[in-house]
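Subject: Structure handover

Hello,

I am passing on the structure we spoke about.

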Amino acid sequence: MIEARHLRVLRAVATTGSFSAAARELGCTQPAVSQQMKALESSAGTTLLIRTGREMRLTQAGEALVRHASGILAGLTAAEEEVAAIAGLRAGRVRLVSFPSGSSTLVPGALAALRAEHPGTRVSLVEAEPPRSVEMLRDGDCDIALAFRYGTSGGEWDDLVVRPLLTDRLIGLVPDGHRLAGVETVGIGELAEEPWIAGCPRCRRQLVEVCEESGFTPRIDFATDDYPAVMGLVGAGLGVAVLPELAIESVRPKGARTITVEPAIEREIVALTLPDLARVPAVAATLDQLSLAAAR
């Protein structure tokens with residue numbers, strides 16, 4: 001295999017005309033130049049240089065190799081500079097996927113801080129709920145997935161790097177004129193006869209499980225992944241709901257009151273990435289900023 005260091009020496013010999021002059025240009029010894037040229041001829045399988053008096057002359061094969069060496073070494077230098085820029089966070093790209101309430105609360109502050117600290121790093125954002133976001137990560141369609149889960153789902157993320165961010169409690173929502181609108185805390189069983197407005201499939205499944213543990217099956221009249229729509233439906237008096245605190249932070253409820261529901265329904269918010277990606281400087285920096293944003 002032809003090595004880049006040997007090509008640099010060959011080009012120096014071709015430019016200066018001798019081993020000794022090439023050695024001075026490269027800052028090494030003449031025997032070192034001679035040794036590297038022997039190694040290069042061994043790799044090429046043919047003679048590349050012929051001594052004529054005090055100078056070295058390129059053979060036809062040597063001329064061809066020098067001609068290609070300039071482009072090869074220029075490309076390698078450009079690659080080294082680009083990698084160094086990425087490693088030093090002067091450049092880089094991170095593809096982030098997040099669920100909507102994370103996009104509106106955690107992500108903006110994290111990305112603003114990342115841009116201020118590392119302006120050369122670009123981050124793109126698309127939205128997807130888990131488990132779709134986790135599938136995108138495993139399929140190579142993103143570098144970081146902001147996701148959540150209720151309880152501990154054994155083994156589902158064992159192949160991933162999991163960065164815990166925060167615990168997000170679900171808060172009850174009732175219309176302004178509701179009989180429980182002035183109450184601070186209610187047992188979820190007190191809402192057994194109410195029509196429900198449910199959120200994303202994973203949240204909906206958790207709601208049904210919690211209600212059934214409390215002795216009833218919720219009557220879900222409306223289901224939507226859009227949190228403002230949930231709040232709008234509650235505000236219009238069409239039912240009750242539970243929403244994550246992050247969602248309520250991002251949208252001001254109109255015509256609705258928040259109440260604390262017992263037993264507590266909590267979800268774990270995490271940032272996920274692949275083990276190899278976790279070592280990429282731009283990905284690691286983004287994970288750090290997400291952690292800081294969650295702690296604020």
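Below is what was found, beginning with the whole chain and ending with single residues. Please keep in mind that this is a predicted model.

Overall form

The protein chain contains 10 helices and 12 strands. Along the principal axes, its C-alpha atoms fill a box of roughly 105 × 35 × 25 Å. The radius of gyration of the chain is 31 Å, while a compact globule of 296 residues would have one near 19 Å.

Of the 296 residues, 43% count as buried. The chain exposes about 14,800 Å², and carbon and sulfur atoms supply 50% of that area. If you take the contacts between residues at least 6 apart in sequence, 70% of them join residues at least 24 apart.

Helix α2

Helix α2 covers residues 19–26, and its buried residues include Phe19, Ala21, Ala22 and Ala23. What lies over the buried residues of α2? The cover includes the helices α1 (4–16) and α3 (30–44), together with β1 (49–52) and β2 (55–58). After α2 comes Gly27, which has a positive phi, near 75 degrees.

Salt bridges

How many salt bridges does the structure hold? The number is 13. Three of them are described here.

Arg132 is partly exposed, at a relative accessible area of 41%. Glu135 is also partly exposed, at 38%.

Another salt bridge pairs Arg163 with Asp288, and their closest N and O atoms are 3.2 Å apart. Arg163 is in strand β6 (residues 161–175) and Asp288 is in helix α10 (residues 281–295), so this pair ties together parts that are 125 residues apart in sequence. With a relative accessibility of 25%, Arg163 counts as partly exposed. Asp288 counts as partly exposed too, with 39%.

In the remaining example, the side chains of Glu194 and Arg179 meet in a salt bridge of 3.2 Å, N to O. Both partners are in loops: Glu194 in the one between β7 (185–187) and β8 (195–198), and Arg179 in the one between β6 and β7, so the pair ties together parts 15 residues apart in sequence. Is Glu194 buried or exposed? Glu194 is buried, because its relative accessible area is 14% and the cut-off for buried is under 20%. Arg179 counts as exposed, because its relative accessibility is 54% and exposed means over 50%.

Gly187

Gly187 is part of strand β7. This glycine counts as partly exposed, at 26% relative accessibility. Which distances separate Gly187 from Pro263? In sequence they are 76 residues apart, and in space their C-alpha atoms are 6.7 Å apart.

That is the end of the notes.

Regards

How values were computed:
Residues numbered from 1 in each chain as written. Predicted model: local features only at pLDDT ≥ 70, side-chain atom pairs only at ≥ 80, totals over all residues. Heavy atoms only, no water. Salt bridge = Lys/Arg side-chain N within 4 Å of Asp/Glu carboxyl O. Buried < 20%, exposed > 50% of the residue type's maximum accessible area, 1.4 Å probe, protein only. Helix = DSSP H or I, 4+ residues; strand = E, 2+ residues; numbered from the N terminus. Rg over C-alpha atoms; globule rule 2.2 N^0.38 Å. Contact = heavy atoms within 4.5 Å. Areas by Shrake-Rupley, 256 points an atom, 1.4 Å probe, with all protein chains shown as cover.
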